Amino acid sequence: MARAVVLGGGISGLSSAFYALQEGVPAKFAKVTLLEASERFGGWLHSNKYKDGTVFDYGPRSFRPQGNLNTIDLALKLGLRDDIIIAKKGDILDNRYIYSDMTLHELNIGVNKLFKVIPPMKKRLISYILQDIRAAKGKEDESVHSFVSRRYGTDAADFLANPMLRGIYAGDVKKLSIRSTLSILYEMEQRKGRTLTTKYPKSPSVHKALEDYVKDWSIWSLRAGCQQLSDALVEYLSRPDMPTELHQNTPCRKLTFKDGAAVVTTDEGETTADHVFSSIYSGDLAKILPDEHGELAEELRGIPAVSVIVVNLEYPVESPVKGFGHLLPSSEDGPVLGVVYNSCVFPEQDRHKANGKISRFTVMLGGEWYDDLLERLDGSLNPNGIARLAIDVISDQLNITEKPLKVDVIIQNDCIPQYLVGHGERLERIFKYIKDKKLPLSLVGSSYKGVSVNDCIYNSKLAAERLTGLPPYIAPDIPQKHFVR
Ligand SMILES: Cc1cc2nc3c(=O)[nH]c(=O)nc-3n(C[C@H](O)[C@H](O)[C@H](O)COP(=O)(O)OP(=O)(O)OC[C@H]3O[C@@H](n4cnc5c(N)ncnc54)[C@H](O)[C@@H]3O)c2cc1C
């Protein structure tokens, strides 16, 4: 009886278990055991619903439909259709801002603005396009800052790429790899010699019906927060007819390999598995590998992660600025990464009877600038001091001076892996090692090929399909009833 063990019960581990046992497929695994170290499943997907209806997300808060429909496909399969909440394209919520020089600048880039200067950028839009046409092809990998400066100019690197990468990776544009973080631009340069085009390659194997379903969506989430997705996976995998075992409070202490099988050690004892899906952070995996795989552990340890402090606030006023949120370039304020205007995007998650008179915001702090943040907080992670800092951010940057109704502070340690320059080559070495040594091990999770929830789920699907012998991603037919909203 083929048995798989999944390490980690975040979204990557749960979706690996799901895909390894897909219905209607001659599943390779007769049994799947999932081990989660902490007391809860979901990993960074963590939502808090207050009695008055307010939803605060402590980790991810939305998903993008473009480029990857797999997550929606999964949500539909799990019966979450009625709980999907959508922010539509072209709404005010599509407004994104950069806070620079103590001013909010709306990022409104379009072909009709070709001859205009769009602050905080310093030159007319056309000049960035001309620089891209003239730029020479770059090298194998380089920092996003170096790539963007070379192709469009340094102010594009400092005022566009810098805040954007802080928003996604909480990381430093001068350290992050272009090849691994903005791979589409990297590949366009490699293939075409320039990057600005209206014809980006379409993502492959997208199902037409699903594409139509989401065509006017900008972003989406779930009524009770993103954790609803991991909760639905747990519910599905816990069904009595599923050949699964899900264990909380069960950290894997050691992972060894013997005679083509894996031996997983927990406090309860040893389990032999035909295959292991490791979805835990690469640095944590390095800690449980035996000395004989020290070379692999060393590579895994080379992928650092940054910590983020998430402060959710609720105010008794309508947001004076409409949109998705704003980001800050590191030159403006290192430790303050940005603010999300949650109520503008998903008013469904406001308290009951809010009638638009309530605003929820999330202030993101730290990341690569965590040490500077600590210094500003006088070395103390006291929640009151952190809350005061977040309230000052809202007051200074959005001009809201009322007292917040709720403030919820959470510290997320080592939560976002950093794909530094050379990450792609490191992955090649890691995967070659596993292949050469014939280790029955799949590496999934945010440490490797994308930190978004979309990437995590999709990579778990690919990993399971490779082992079950399925062809890569074929979106299923979505019954018409799913299209009724
Ligand atoms: C603040 C924040 C905001 C974000 N916002 C967004 C967003 O809006 N949209 C988006 O798409 N993405 C967002 N992301 C990124 C995304 O949420 C994460 O990359 C993704 O959830 C990672 O999932 P994972 O399953 O790979 O890892 P994790 O969630 O880290 O899961 C790994 C699990 O393994 C467990 N574990 C660790 N060691 C062991 C062990 N030895 N044995 C057993 N279990 C172990 C851990 O307890 C954990 O539960 C955000 C992330 C953060 C932190």
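# A walk through the chain

N355 lies in the loop between helix α12 (342-345) and strand β17 (359-366). Helices here are DSSP runs of H or I with at least four residues, strands are DSSP runs of E with at least two, and both are numbered from the N terminus. The model is predicted: local features need pLDDT of at least 70, side-chain atom pairs count only at pLDDT 80 or more, and totals for chains, interfaces and linings use all residues. Residues are numbered from 1 along each chain as its sequence is written, and side-chain values use heavy atoms, with hydrogens and water left out.

Back to N355. Its phi is positive, about 45°, although N355 is not a glycine. The residue is exposed, because its relative accessible area is 65%.

N249 has a positive phi of about 50°, and it is not a glycine either. N249 sits in the loop between β9 (244-247) and β10 (254-258). Its relative accessibility is 51%, so N249 counts as exposed.

Now step back to the whole chain. How many helices and strands does the protein chain have? There are 16 helices and 19 strands. The radius of gyration is 23 Å, close to the 23 Å from the globule rule for 485 residues, so the chain is as compact as a globular protein of that length. That radius is taken over C-alpha atoms, and the rule is 2.2 Å times the number of residues to the power 0.38. Along the principal axes, the C-alpha atoms fill a box of roughly 65 × 55 × 55 Å.

Of the 485 residues, 55% are buried. The chain exposes about 21,900 Å², and carbon and sulfur atoms supply 51% of that area. These areas come from the Shrake-Rupley method with a 1.4 Å probe; for residues, only the protein chains shown count as cover. Contacts reach across the sequence. Take those with a separation of 6 or more: residues 24 or more positions apart account for 75% of them. A contact means heavy atoms within 4.5 Å.

Two packed helices are described by the angle between their axes and the distance between the axes. Helix α1 (residues 11-20) and helix α16 (residues 453-468) have axes that come within 8 Å and cross at roughly 35°. Each axis is a line fitted to C-alpha atoms, for helices over the stretch in contact, and angles run from 0 to 180 degrees between N-to-C directions. The α1 and α16 crossing is right-handed. The α1 side brings I11, S12, S15, S16, Y19 and A20; they meet V453, C456, I457, S460, K461, A464 and T468 in α16. By type, the residues of this contact divide into 7 nonpolar, 5 polar and 1 charged. Nonpolar covers Ala, Val, Leu, Ile, Met, Phe, Trp, Tyr, Cys and Pro; charged covers Asp, Glu, Lys and Arg; the others, Gly among them, are polar.

Move on from α1 to L21. This leucine is in the loop between α1 and β2 (31-35). L21 is buried, because its relative accessible area is 8%. L21 and N312 are 291 residues apart in sequence, and their C-alpha atoms are 37 Å apart in space.

Strand β14 (residues 305-315) holds A305. Is A305 buried or exposed? Its relative accessibility is 18%, so A305 counts as buried. Leaving out residues up to four places away in sequence, A305 touches Y281, D414, I416, P417 and Q418. A305 and I416 are 111 residues apart along the chain, yet their C-alpha atoms are separated by 5.2 Å.

R301 belongs to helix α11 (residues 294-301). With a relative accessible area of 47%, R301 is partly exposed. Its C-alpha atom is 8.3 Å from that of D284, which is 17 residues away along the chain.

The peptide bond from P119 to P120 is cis, with omega near 10°. P120 is found in the loop between β7 (103-106) and α3 (125-134). G138 is in the loop between α3 and α4 (144-151). At 24% relative accessibility, G138 counts as partly exposed. Residues up to four places away aside, G138 touches R150, E189 and Q190.

How values were computed: A crossing is left-handed if the near helix is turned anticlockwise from the far one by less than a right angle, and right-handed if clockwise. Buried means under 20% relative accessible area, exposed over 50%, partly exposed in between (1.4 Å probe, protein chains only).
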